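Welcome! Have a look at the sequence and the 3D model below, and then let's walk through some of its features together.

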Amino acid sequence: MPRALAVDVGGSKLAAAVVELPGAGGVPVLTHRRTVPTPADEGGPAVLAAATALARQVLADAAQDPPGARVEAVGVASAGTVRPADGAITHATGTLPGWAGTPLGDHLRRELGLPVLVLNDVHAHGVGEALDGAGRGHRSVLVVAVGTGVGGALVVDGEPAVGAHGVAGHVGHLPVPEAAGVPCTCGREGHLEGFASGHGLRTAFRDRTGRDLPAREVAALAAAGDGTARTLLAEAGRATGRTVGALLNVLDPDVVVVGGGLAAAPEPWPSELREGVALEAMDPVAATPVLLSGAGADAALTGAARVALARAHDIP
Ligand SMILES: [Zn+2]
């Protein structure tokens, strides 16, 4: 049974586990899981050292159980933009200061002596969602994650489209009319993420009411009938739907899977999402199923492991 070590490097925690892939149609099994807090405040080298130590520990645990058991490859899901050729981090946000410039792939290859594939965490999560979540059984799956930020991944035949620079799938940085004039985290303005992410919703609600509440509380207020919260949640849902509809025109996937914290938002978010899709999608793609996330919290680990094992013979 093929086994990979999977490592997830996030802004708040580092996780590693052995992922076993059963035969066709089976569900991945995670064992030997370890999790530690990310020493994000200590900078990139400290995060790299902690991730490497965690990976070594899990490999050591796995080698004893059963004795001599082999791990074929290492799949890493990391925050930040990943250079496809070597798995270096080329860009990272403020959640991981100093992470940009980290030669993550080369370092782990040298330290662990195994083939290593590094994916951006949204790409890895997208593969997990496509193969083991709501996208299961579909050949091409567009995954859109609407949480603190807005990310996405197009997964075709189990492979994420990462693009020439590892940037593909940044669906939060498409313009939508609802976000006109709103500053975006990328330094531009008018993008979906600046308005319709959890962070955007929180900022918009604070700007209009003077109250600073997490997005989930804004959503709860909307459900309880608060007019401002309801209007903002509706606009955010519609803006997200417009983006999904426009992406259907460009990518024409078999299904779309929407996940992230806001995917669980109450009405009017879900109906406005569907309205937004209907506004933008061309007729032949208008009926494309838009599903809600079905993958659990381990999707990034299983996704990274799956791609690493699929490519174990071609990755350095
Ligand atoms: Zn942007």
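## A covered helix

The buried residues of helix α3 are Asp121, Val122, His123, Ala124, His125, Gly126, Val127, Gly128, Glu129, Ala130, Leu131 and Asp132. Here a residue is called buried if 20 or more other C-beta atoms lie within 10 Å of its own, exposed if 12 or fewer do, and partly exposed in between, with C-beta atoms placed from the backbone. That makes α3 a mostly covered helix, with 12 of its 12 residues buried. Helices (H or I, at least four residues) and strands (E, at least two) are DSSP runs, numbered from the N terminus.

## Before you go on

This is a predicted model, where local features need pLDDT of at least 70 and side-chain atom pairs count only at pLDDT 80 or more, while totals for chains, interfaces and linings use all residues. Residues are numbered from 1 along each chain as its sequence is written.

## Two domains

How is the protein divided into domains? The assignment gives domain 1 (3-126 + 297-310) and domain 2 (138-292); such bounds come from an automatic or database domain assignment. The centres of the two domains, taken over C-alpha atoms, are separated by 27 Å.

Across the boundary, 14 residues of domain 1 are in contact with 13 residues of domain 2, where contact means that the C-beta atoms of two residues, placed from the backbone, lie within 7 Å. On the side of domain 1 that touches domain 2, the elements giving two or more residues are β5 (81-82), β7 (116-120), α3 (121-132) and α9 (299-310). The largest share, four residues, comes from α3. By type, the residues on this side of domain 1 divide into six nonpolar, six polar and two charged. In this count Ala, Val, Leu, Ile, Met, Phe, Trp, Tyr, Cys and Pro are nonpolar, Asp, Glu, Lys and Arg are charged, and the others, Gly among them, are polar.

## A pair of crossing helices

Two packed helices are described by the angle between their axes and the distance between the axes. The axes of α5 (residues 198-209) and α7 (residues 227-251) come within 10 Å and cross at roughly 145°. Axes are lines fitted to C-alpha atoms, for helices over the stretch in contact, and angles run from 0 to 180 degrees between N-to-C directions. The crossing of α5 and α7 is right-handed. From α5, the contact is made by Leu201, Ala204, Phe205, Arg208 and Thr209, and from α7 by Thr228, Ala229, Leu232 and Ala236. These contact residues divide into six nonpolar, two polar and one charged.

The buried residues of α5 are Gly198, Gly200, Leu201, Arg202, Ala204 and Phe205, and they pack against α4 (192-196), α6 (215-223) and α7.

Which residues does Trp99 touch, not counting residues up to four places away in sequence? They are Gly44, Val47, Ala79, Gly80, Ile89 and Ala92. Trp99 sits in the loop between β6 (89-91) and α2 (104-112), and it is buried because 25 other C-beta atoms lie within 10 Å.

Leu262 lies in the loop between β11 and α8 and counts as buried because it has 26 C-beta neighbours inside 10 Å. Although Leu262 and Val146 are 116 residues apart along the chain, their C-alpha atoms are separated by 5.6 Å. Leaving aside neighbours within four places in sequence, Leu262 is in contact with Val146, Gly147, Gly198, Ala215 and Trp269.

## Backbone details

A cis peptide bond, with omega about 10°, joins Glu267 and Pro268. Pro268 is placed in the loop between β11 (255-259) and α8 (269-280).

Next, look at Asp157 in the loop between β9 (150-156) and β10 (159-160). Asp157 is not a glycine, yet its phi is positive, about 50°. With 10 C-beta neighbours inside 10 Å, Asp157 counts as exposed. Asp252, in the loop between α7 and β11, also has a positive phi, near 45°, in a residue other than glycine. Asp252 is partly exposed, with 14 other C-beta atoms within 10 Å.

Methods
A crossing is left-handed if the near helix is turned anticlockwise from the far one by less than a right angle, and right-handed if clockwise.
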